[in-house]
Amino acid sequence: MKKIFFIATLALLTACEKSFEQYPPDKLSPENAFNTEKDLQLYANSFYNNLPSANDIVRGDQTSDFLVGSTIDNYLSGSYSAAQAGGWTWGPLRNINYFLEQMVRAQISDESRKHFEGLARFFRAYFYFNKVKQFGNVPWQEKTLTIDDPDLYKTQDSRAYVMEKVLADLNFACENISPAIDPTSSQISRPVALAFKSRICLFEGTYRKYHEELNLQATANTWLQEAADAAKQVIDGGQYRLNMESDPTTSFRNLFINEQPKTNEIMLAAINNASLRVLNDANWYWTSATYGRRLSFTKTFVNTFLNRDGSRFTDQANYNQIPFWEEVKNRDLRLQQCIRMGSYQREGQPAPPDFTYTYTGYMPYKFTLDSKATDGRAENNNSLPLMRYAEVLLNYAEAMAELNRFTETEWNLTIKLLRERAGLSNTAMPLTADTYLKQEYFADQNLSAALLEIRRERAIELAMEGFRYDDLMRWKLANLLLKPYTGLYVPAMNTPYDLNEDGKDDVSFVTAVPSNPQKGIVYFVINGTQHYLTNQTSGNIVAQNNLRRVFDDFMYLRPIPIEEITLNPNLKQNAGWESR
């Protein structure tokens, strides 16, 4: 509904702006388009187009270290150049700045005026945050530019300057947007603005801390403190909580498969609605051998899910040699709510991992509906979260740990609650560092035991929701994007395996599909090049080994599109991209 409404809104705005040079009586003008609260609300609705759509979320983590697919992002292929770059778009900013200039005409209360100004400034902060993530230094503009304005050709402002402006906008938004909770989880309220502030400030604080080349480390803690304070305000407000249902095996996944958002935890959602034909393509994307990218989790990541008793799965000496149907038992309940395993069914029928769609055996279904009706078309009606209370808890925990102020009190307020929902019987704060996490993920960073656990929780809790790439960028851990893609353990080749123990064999790993294939079995070809086993005839799958991946330090920032530098020679190309 919102998308349809926004299209109409943008059409109205276009008509309004085109009428500014001449004001015929049958056209909108600034004098009659910004008079009432309803006028401002109508215009402000257009800002929501700047938020990710449900389909953006569906694809959110396709460039990450813990998912492997049929292809890799073009950015990692080694062939990306400034000629291919995009993202240097400023139309949404002009829309916001124009609103801020014209809204002063409205005859409304000061409280309402500040609310709408706060809303516009929130979206301006969000817009610039995304630009800084991509490009680093960008030109700051807080006015509507005309075609002869010299600022059209200004150079970039520094990251420090732009982000200070972003923080000022966020602070104004968090102080002035209405505190009233939106019962549909589709509008920005004060708690939502605070939650986004915690996300943005955590990103900036950790980016400055780990990217020493910026020479901004001295200011990192200021941003981390802002993140912690914003998250704590949401927590102390008591208006949200983790979704806990009578059946703990569904509490987590039900956040992602319902048309009506679980508003106790979901603070803001990309709303989908079957009757209004606002839909997404999650089933088609994740359950197709051709439309999507056949994305699957890696074993390296699945290994990080704890056992139900709170112990570390990787503390076992043979953790990489346990057959799939055994390794998934008695684990963190989020595992069975993220991948096909065990007794999972679709339309009353067992649905084991299907190697028609998966390269590793760890086949995600976090966003997909159990009905098969939309497996081949973009008609999913499940709304997907843009901001969850769980993220706020994680933001607070990480910020406090980075500030070296994380104690058992903060643990009990955050990570313990997430693990309780995940069904872990021992949720006590670990005192020793996990050697597996250090070795496989964070060998180059001297992290505390608590911070290691917080990063584990963040990866598991938010997997597939579009956070992982940004997390790797801010932690300066892009090297993880180059890790081998590992899969489940194969005891022997040419042997059928029953992955879900329903009495029917599901897959056999072979060098070539047999001439007389057995019905119901998928034959997954281990050719030694694209896919191989670590011990040749047995071992863990190493999938998509032929996909070339590169990541040099200059790639932490995207290139300015070359055509933009041609149009505005005052723009400076990001270092490393000048000759690419």
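Which residue in β11 is the bridge partner of Y489? I will get to that after a word on what we are looking at. This is a predicted model, in which local features need pLDDT of at least 70 and side-chain atom pairs count only at pLDDT 80 or more, while totals for chains, interfaces and linings use all residues. Residues are numbered from 1 along each chain as its sequence is written, and side-chain values use heavy atoms, with hydrogens and water left out.

Two terms before the sheet. Helices (H or I, at least four residues) and strands (E, at least two) are DSSP runs, numbered from the N terminus. Two strands count as paired if DSSP finds at least two bridges between them.

Now the sheet. It is open, has three strands in the order β7-β11-β10, and its pairing is antiparallel. β7, residues 485–490, and β10, residues 532–533, are at the edges with a single partner strand each, so one side of each has no neighbour in the sheet.

Take the β7 side. Four bridges join β7 to β11, residues 539–543, and the two run antiparallel. Back to the opening question: the partner of Y489 in β11 is N540. Likewise, T486 in β7 has V542 as its bridge partner in β11.

Is β11 largely enclosed or left open by the rest of the structure? Five of its five residues are buried, so β11 is largely enclosed. Buried here means under 20% relative accessible area, exposed means over 50%, and partly exposed is in between, using a 1.4 Å probe and protein chains only.

Last topic, backbone angles. Most residues other than glycine have a negative phi.

R294 has a phi near 55°, positive in a residue that is not glycine. R294 sits in the loop between α10 (282–286) and β3 (296–297), and it is buried at a relative accessible area of 17%.

K476, also not a glycine, has a positive phi of about 55°. K476 is in the loop between α19 (468–474) and β7. With a relative accessible area of 27%, K476 is partly exposed.
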